[in-house]
Amino acid sequence: MKQYNRSNFHKHTFCIFRQITATEETSLNFTYKSKSGSEYCFTEQGVYRRSSHWGRAANCRWILSETTAYKNQNVVCGYANWTDFYTNNETAALFFITLDLTQQKVSYQHKDASNDQERLLRTASETAKRIKEIKNILYQDDWAKYLDIVNVEKARTQLLEELVNTETPLVKLKSKYL
């Protein structure tokens, strides 16, 4: 597996950064500023990034941990160890979706960050599209409006599990409720 450092972490990588507190941030010395305005503080173990844009950043996919409530345009500082960076290739199936129904959270992870080899892998764009569908089912009720469903919550759970674990299109999954 490739090792990342301050000279290559920004080249086609995926990483989940942990948001740090404002108190932690005040002690940092940001020594590099990118063309897009993001600032970086490098350490032997990893990198701090202060930015107003997360998600897709140039040829990388850098996100804040799933526990973070974040909206683009707000400046947020995150930290990641060098070992938290993984190769990113837009055409390779490198990502799997995680779903926590009790917390009502959906996220994605790089295949190399997990020992679980049983997960269905997708490309970055397929993953993003599927997560959008999952969020619609998870957070909305309008998807069930014209379907013949007795128990919406049971149907929601079943649809969500199938969206995560199969490649079956949402239209086909919903068709069994017509």
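Predicted model: local features only at pLDDT ≥ 70, side-chain atom pairs only at ≥ 80, totals over all residues.
Residues are numbered from 1 along each chain as its sequence is written, and side-chain values use heavy atoms, with hydrogens and water left out.

The chain contains four helices and 10 strands; helices (H or I, at least four residues) and strands (E, at least two) are DSSP runs, numbered from the N terminus. Along the sequence, these elements follow the pattern β-α-β-β-β-β-β-β-β-β-β-α-α-α. Taken along the principal axes, the C-alpha atoms fill a box of roughly 60 × 35 × 25 Å. Of the 178 residues in the chain, 41% are buried. Here buried means under 20% relative accessible area, exposed means over 50%, and partly exposed lies in between, with a 1.4 Å probe and protein chains only.

Two strands pair if DSSP finds at least two bridges between them. S4 runs antiparallel to S3, and four bridges join the two. A hairpin of three residues connects S3 to S4, and Phe42 has Val47 in S4 as its bridge partner. S4 also pairs with strand S7 (residues 76–81) in the antiparallel sense, over six bridges; there, Arg50 has Cys77 in S7 as its bridge partner.

With S6, S1 pairs in the parallel sense over four bridges, and Ile16 stands opposite Ile63 in S6. With S7, S1 runs antiparallel and is joined by two bridges, where Arg18 stands opposite Tyr79. With strand S8 (residues 86–87), S1 pairs in the antiparallel sense over two bridges, and Thr13 stands opposite Thr87.

The aromatic side chains come next. Rings of Phe, Tyr and Trp (its six-membered ring) pair if their centres lie within 6.5 Å; planes under 30 degrees apart count as stacked, over 60 as edge-to-face and the rest as tilted. The whole structure holds 19 aromatic pairs. In one of them, the ring centres of Tyr40 and Phe42 are 6.2 Å apart and the planes lie at 10°, so the pair is stacked. Both Tyr40 and Phe42 are buried, and they belong to an aromatic cluster that also includes Trp54 and Trp62.

The charged end of Arg49 sits over the ring of Trp54, 4.5 Å from its centre. The charged end of Arg50 sits over the ring of Phe30, 3.9 Å from its centre.

Finally, strand S3 (39–42) and strand S6 (60–64) each supply at least two residues of the lining of the second largest pocket. On a 1 Å grid over the protein atoms alone, a pocket is an open set of points where a 1.4 Å probe fits, with protein on both sides within 12 Å along at least five of seven lines; lining residues have an atom within 4 Å of a point. The 17 lining residues include Tyr40 and Trp62, which are among the closest to the centre of this pocket.

Note on methods. Lys NZ or Arg CZ within 6 Å of the ring centre and 35° of its normal.
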